[in-house]
Amino acid sequence: MAQNFAESPFERADAVLQRLIQERLVRRRYRKRQTIFAHQQPSSGLHWLRSGVVLTTQSWDDGRNRYAIPFYWGLWGAPSIYNEFHCGSCIAASDCVVDALPRDAVLDLIRQNGMLAELMARWMSDDFILLMLELAAVNVARTEDKVLNYLNIIHGRALQSPVPVSQGPAGTIPWPFTVTQLAGFIDISRPHLSGILNQLKAENKIIMDGGRMAVLPAGLRDPRSFLKRS
């Protein structure tokens, strides 16, 4: 889930390392609903989303979602390089293009160039911070706040993408999920969620229509405030 880059996750690397990485990258295309990697699967390396939308998930032992959130750009898989197994799942929510750097290539390049180890540390730090924000966003008492916080996380992350994803009315972003799926992501009932979404629309805090979504100015929240309350 590392997103701390403007155009490429490898942009901080020197020219030599960037060339070596480019030589080892493998471009892969995934159809909607295809699994890119699965929880507890042996590490398949780093995965850089170039286009499309992916859904990242991690579950508790009882099957409930620990988190489930869509992403429109980023790099995944850094912790698995050292853990040897993926700690979550990544599924194509639309047709996607991904550049993969296999685990053996990552380890080989780390041995050749210490700068990649520094990048890995930065990516894993990004992963941890984002995970804390996501958990804090939905760890609130009022269900209405949980829903709005969650939508703020998604909308804000999408707007940071260097690949334009915002278009249409009020800067909406693609929303390739059903309300039933959204209810499962944040662990509330489908009827309850429908009522909350209708309320947020009536209060002009969100737009969610025709497969697109936006958080309007009245509903915007600073994700850093989620950590202060948790």
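The model is predicted: local features need pLDDT of at least 70, side-chain atom pairs count only at pLDDT 80 or more, and totals for chains, interfaces and linings use all residues. Residues are numbered from 1 along each chain as its sequence is written, and side-chain values use heavy atoms, with hydrogens and water left out.

**The whole chain**

The chain has eight helices and eleven strands. Helices (H or I, at least four residues) and strands (E, at least two) are DSSP runs, numbered from the N terminus. The C-alpha trace spans about 55 × 40 × 35 Å along its principal axes.

Buried residues make up 48% of the 230 residues. Buried means under 20% relative accessible area, with a 1.4 Å probe and protein chains only. The chain exposes about 11100 Å², and carbon and sulfur atoms supply 51% of it. These areas come from the Shrake-Rupley method with a 1.4 Å probe.

Contact means heavy atoms within 4.5 Å. Among contacts between residues at least 6 apart in sequence, 74% join residues at least 24 apart.

Strand β11 covers residues 212-215. R212 and A214 point one way, M213 and V215 the other way, and all are buried. In a regular strand the side chains alternate between the two faces of the sheet.

Pairing needs at least two bridges found by DSSP.

| Strand | Residues | Bridges to β11 | Direction |
|---|---|---|---|
| β9 | 173-174 | two | antiparallel |
| β10 | 206-209 | four | antiparallel |

P174 stands opposite R212 in β11. I206 stands opposite V215 in β11. Strands β10 and β11 form a hairpin with two residues between the strands. There G210 takes a positive phi near 60°.

**Serine 80**

S80 is found in helix α2, residues 78-83. Is S80 buried or exposed? S80 counts as buried, because its relative accessibility is 3%. Which residues does S80 touch, not counting those up to four places away in sequence? S80 touches S43, G45, F85, H86 and R103.

Key:
Buried means under 20% relative accessible area, exposed over 50%, partly exposed in between (1.4 Å probe, protein chains only).
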